Amino acid sequence: MKTTAPRRFPDEPDSPRTTELFRRLRAMPGGEEKRRLRGALLEEWLPMARRLAARYQDCGEQYEDLCQVAALGLLKAVDRYDPDRGVSFAGFAVPTVLGELRRHFRDNTWGLHVPRRVQELRSAVRAALQVLGPLTAPRAPTVEELAAHTSLSDEEVRRGLEALHSYRPASLEELLNAETRLTVGDRQGVTEPGYVLAENRESVRRALAGLPARERLILYLRFFLSRTQRSIAAELGLSQMHVSRLITQACSRVRRDVEGDPVASGAPDAPGAEERGSPDVTP
């Protein structure tokens, strides 16, 4: 069935042919013939749905995606329309399609969940800006002017304005300054490394306090005073190899103690745990 897209305003009555097609559609039982008639009506009115979708193509969504949403709204309108209620199909379909498009923006396109009230404030402020903008040009409408136009409070207008610029989260790679290559991510806070360092130092301090006095002294001479293993061995009357072995064992014990393994770290109830010396030397 070849048809042409209707070119009428929503308040104009349908043609007798359109009314007859919808009456036939409602009277038909389910089947292939009804599906064909339904498809023909959808094809006939699809250009109208596309024109409605085009109203929103500058709102950040792909036009093809908007056309799909508008087509879904049109499908709902075709299935629900009753020509005997005295309303033209265009008058019934246009609000249905627009409602589907608005629900799409409300429910599916926000980068983060935003309360319904904030979305409504955004829509009201956006509509007010479109009306007042040309009247107050070259300046932008003030909060007070927007509040008077929308019958909202100043605070509600401010919330709507904030949401107006928060429809999608900004990319951390977005440039703030093309010359300096400063990005949004460069302006964000970072984790203070000193906190982790302080925690690590406190954990290691407790672990070092549990070492025998000789091992604590060796670690102190090696890592705090930067003494060589040869000089430490000469001072303590040990071989350099023995000092090296003691450093390795002590470091391993401290690491295991910090990681929270009481058996591996040589706790008193661990098999083979050696007796600790008195903490008379603290690195």
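## Helix packing and loop geometry

On the helix 5 side the contact includes Arg117, Val118, Leu121 and Arg122, and on the helix 7 side Glu156, Val157 and Arg159 are among the residues involved, contact meaning heavy atoms within 4.5 Å. By class, the residues of this contact divide into eight nonpolar, one polar and five charged.

This is a predicted model, in which local features need pLDDT of at least 70 and side-chain atom pairs count only at pLDDT 80 or more, whereas totals for chains, interfaces and linings use all residues. Residues are numbered from 1 along each chain as its sequence is written, and side-chain values use heavy atoms, with hydrogens and water left out.

Helix 5 also packs against helix 6 (residues 143–150), at an angle of about 115° and with the axes 10 Å apart. In this second contact, Ala124, Val125, Ala128, Leu129, Val131, Leu132 and Thr136 of helix 5 meet Glu145, Leu146, His149 and Thr150 of helix 6. The residues of the contact of helix 5 with helix 6 comprise seven nonpolar, three polar and one charged.

Within helix 6, Val143, Leu146, Ala147 and Thr150 are buried, where buried means under 20% relative accessible area, exposed over 50% and partly exposed in between, with a 1.4 Å probe and protein chains only. These residues cover an arc of only 100° around the axis, which puts them on the same side of helix 6. The cover over the buried residues of helix 6 includes helix 5 and helix 7.

The loop between helix 5 and helix 6 holds proline 138, and a cis peptide bond, with omega about 10°, joins alanine 137 to proline 138. After helix 6 comes serine 151, with a positive phi near 60°. Two further residues with positive phi are set out here.

| Residue | Phi | Relative accessible area |
|---|---|---|
| Arginine 181 | about 60° | 54%, exposed |
| Serine 226 | near 60° | 59%, exposed |

Arginine 181 sits in the loop between strand 1 (175–177) and strand 2 (182–183), while serine 226 is placed in the loop between helix 9 (213–224) and helix 10 (229–236).

How values were computed: Helices (H or I, at least four residues) and strands (E, at least two) are DSSP runs, numbered from the N terminus. Ala, Val, Leu, Ile, Met, Phe, Trp, Tyr, Cys and Pro count as nonpolar, Asp, Glu, Lys and Arg as charged, and the others, Gly among them, as polar. Axes are lines fitted to C-alpha atoms, for helices over the stretch in contact, and angles run from 0 to 180 degrees between N-to-C directions. The arc is that of the directions from the helix axis to the C-beta atoms.
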